[in-house]
Amino acid sequence: MLRPTAGCLFKVFAMQSRSGRAAQPDTRFALTSVAFLIRQCLGAGLAVVAVGAVAQTAAPKATLGAVEVTGQSEAIGGLQKTYSGGQFARGGDLGILGRTDLLDVPFSTTNYTSELIDNQQARTISDVVMNDASVRTLQARGGFGDDFQVRGFSVGARDVSINGLYGLSPATRSALEFIERVEVLKGPGSLTNGVGPTQSIGGAINVVTKRADDVPLNRVTVNYMGEKQFGTHLDVGRRFGQDNEWGVRANAAYRNGEGNIDGGRERVGLGSLGVDYAGARLRWSGDLIYVDNKTTNFRPQSAFLAGITRLPAVPDSRSTFYPGAVLTDQTKTAITRAEYDVTDNVTVYGALGYTDSSSDQNFPTAVSRINSQGLFTVRNGFYDEYNKTTSGDVGVRTKFKTGDIGHTVVLAANAMQRETGFFYQLTNPATGVPSSIYNPSPLPAINFLRGRPSKTAELEQNSVALADTVSFFDDRFLVTGGVRNQTINQKSVNGSASYKESAVTPLLGLVFKPIQDTSVYYNYTAGLQAGGIAGPSTANAGEVFAPQKSKQHEVGVKRDWGSLITQVALFQIERPNSTTENNVYTFGGEQRNRGLELTAYGEVTRGLRAMASAAFIDSTLTRTANGVNQGNEGNGVPKRTFNVGLDWDIPGVEGLSLNGRVINTSAMWYDAANRLRMPSWTRVDIGARYATKVAGNSVVFRANLENVADRAYWVTTTGYATVGAPRTLMLSAQMDF
């Protein structure tokens, strides 16, 4: 096995073939490339050179200056192959269906690689998933955390899974320094993945942790984000053993300083350790993750006064409504997963994870909400929370044939147990202070002691699923059928009502490949959310409702053109809503989202990478209590979203690349009554990368400028709004040694 030194990081190496891993020799390596930018930091007298590099061509590949031997990562981690251009993968993890090529599944998915994460200098999951027009983030950079909207329905930060396990992500945000892939499934996925703790139905987001490659890795990255925030990231990987079956990947990161809010400060500390074993029949991995953050002057979400019809102008995007508010959050996570091939056709697997996360924050509240002039009244207080979650899954997957018909049958079960505690208290209403979003008043003093969060809720979820993928005509026709029986158990705490109910969610998926590299698909599937209990003031007080199903029908076409993948999808999702009509609590309401999605990504031509997408959604309140607002557009759902991104290796200048991205979101209604209209917005981002060698070591410089025009805009979710992040410069220098 060739062991590259700093001076031979770009030589072709030969992977020894060994059992338990698909080692595929390939001498086609992509050279990363970049552009160069110099910024003289005023007051510091520091010239910062920022540039970056991007890898190019077919996998497996090595990247000049990035030493990412993608073929090895895929073989060791069982990941789907990186697609042409290096920014996307050919598929991802679909729960009980396994890690599957995108042409073989009856779903629309997008799977981002660490190469895209690095080259865009993404800090959190939101920065990555914003590359797809079907996904929008509901909070801006510098806010409390990450929340998402997929196909017009919200997906909470807690419903992001880690290595396929739900409930392990914090309520705030997940850093990316230890992440290899970010995988997005569009539409309900309760059959494939079960349901997350907040039972999101718009889609599913999964992150995959890093694993060590056969090529030893020693990498340090120094970074800067305007204004005055500096950081360092260390990434080290090694493999050991007679056949390199053991791997260790360690990451440590620290950032601190003023970010994109004047007078604010964001401190991020992270450490992770990933260990894995890749044997002939046994594959095992373990991860330990620790994150400790503190943010002063975090970007708030707030609400507008009910009934207003004129929107206040957007305030300065480097300001905050609530000066002096502080958020601290901490997450400790441990995950282990194992697979064992009992025979060549039978595999058993299991995983277990535990997370202890907490967040303590000032919780200023606009008790008199923001009016058309931007005026409101604010109280202060604390909102502290902890979550302790255990999550696991087990299953057996077998492949066999009955005549000429192939079967892949999976029997699986998963379970999640979560304990939640809160401390929430606001100052007396009489202490409310008049304020303005344009000239915020100092927050009222808090005149009570901060209490400790006490246990307020216990949630248990468990399910059993069975699925069979049947293949006909040399795998040109695939039929997937399955059911999952899901139980949601909300236990009584402090006298609150108990809830325990079950429901069965189905999946029918069809894939037909009329010609090579083209698939036509259909799916009928469902999402699941807790049904709830009728409140004490209703006529049917105490009535328990079973979990409610959100039903999806979807058809689509996918085409692999060799270096460019295109996807077209048509979908309809019907979500039941709770209503109280004639003093009776029911789930008689419904919101229906119909949409068209267009997606393309890959290499347009050698050296020019592209990603483009568009989504058109018709969201309608089809049933409402007493017909109020019935027929209106769903609030917080844009009718049109567009994304276009290019990444170009400059001809004749080795190692130099430029990139740009345009993100557009159309106008939408803030309220269900469709009285207050939130305007459309467009954001332009640009970047440059340069890969070279310094003292014999591979170095990649990167520069990204987000929101080039410094456009001020509202970011909207159902019932709340925040201000988009201002123009933000990010610089980094990455060195392998």
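Glutamate 227 is found in the loop between strand S12 (217-225) and strand S13 (229-240). A cis peptide bond, with omega of about 10°, joins this glutamate to glycine 226. The structure is a predicted model, and the protein averages a pLDDT of 89, with 90% of the residues scoring at least 70. Over residues 1-70, however, the pLDDT is below 50, although this stretch has 240 contacts in the model beyond near neighbours in sequence.

**Backbone geometry in the loops**

- Most residues other than glycine have a negative phi, and most peptide bonds are trans.
- Against that background, the peptide bond between glycine 226 and glutamate 227 is cis.
- Asparagine 244 is not a glycine, yet its phi is positive, at about 60°.
- The loop that holds asparagine 244 runs between S13 and strand S14 (246-257).
- Asparagine 244 has a relative accessibility of 7% and therefore counts as buried, the cut-off for buried being under 20%.
- Alanine 695 also has a positive phi, of about 55°, although it is not a glycine.
- The place of alanine 695 is the loop between strand S36 (681-694) and strand S37 (697-706).
- Alanine 695 counts as exposed because its relative accessibility is 78%, and exposed means over 50%.

- Strands of a sheet pair through backbone hydrogen bonds, either parallel or antiparallel.
- S9 pairs with strand S11 (residues 203-209) in the parallel sense, over three bridges.
- Within this pairing, valine 160 has isoleucine 205 in S11 as its bridge partner.

**The three-stranded open sheet**

- Another open sheet has three strands, ordered S6-S7-S8, with antiparallel pairing.
- Its edges are formed by strand S6 (135-137) and strand S8 (153-155); each has a single partner strand, so one side of each is left without a neighbour in the sheet.
- Neighbouring strands in this sheet are turned by 30° against each other on average, direction ignored.
- Three bridges link strand S7 (residues 148-150) to S8 in the antiparallel sense.
- Valine 150 stands opposite phenylalanine 153, which belongs to S8.

**Antiparallel pairing around S21**

- Strand S21 (residues 381-402) pairs in the antiparallel sense with strand S18 (residues 346-361), over 14 bridges.
- Alanine 351 has aspartate 393 in S21 as its bridge partner.
- S21 is also joined to strand S22 (residues 405-426), which runs antiparallel to S21, by 22 bridges.
- The bridge partner of threonine 389 is arginine 418 in S22.
- S21 and S22 form a hairpin with two residues between them, and glycine 403 in the turn has a positive phi of about 70°.

- Tyrosine 166 lies in the loop between strand S9 (160-162) and strand S10 (179-186).
- With a relative accessibility of 10%, tyrosine 166 counts as buried, since buried means under 20%.
- The C-alpha atoms of tyrosine 166 and glycine 194 are 8.5 Å apart in space, while the two residues are 28 residues apart in sequence.
- Not counting residues up to four places away in sequence, tyrosine 166 touches Asp159, Ser161, Asn193, Gly194, Val195, Gly196, Pro197, Ala204, Ser391 and Met416.

- Asparagine 704 is located in strand S37.
- Its relative accessible area is 6%, so asparagine 704 is buried.
- The side chains of asparagine 704 and glutamine 121 are joined by a polar contact of 2.7 Å.
- Leaving aside neighbours within four places in sequence, the residues in contact with asparagine 704 are Asn119, Gln120, Gln121, Asn659, Ile686, Gly687, Thr728, Leu729 and Met730.

How values were computed:
Residues are numbered from 1 along each chain as its sequence is written. This is a predicted model: local features need pLDDT of at least 70, side-chain atom pairs count only at pLDDT 80 or more; totals for chains, interfaces and linings use all residues. Side-chain values use heavy atoms; hydrogens and water are left out. Helices (H or I, at least four residues) and strands (E, at least two) are DSSP runs, numbered from the N terminus. Buried means under 20% relative accessible area, exposed over 50%, partly exposed in between (1.4 Å probe, protein chains only). Contact means heavy atoms within 4.5 Å. Two strands pair if DSSP finds at least two bridges between them. Axes are lines fitted to C-alpha atoms, for helices over the stretch in contact, and angles run from 0 to 180 degrees between N-to-C directions. pLDDT is the predictor's confidence in each residue, from 0 to 100. A polar contact is a pair of N or O atoms within 3.5 Å; within protein, one must be able to donate a hydrogen and the other to accept it, and residues adjacent in sequence count only if both atoms are side-chain atoms.
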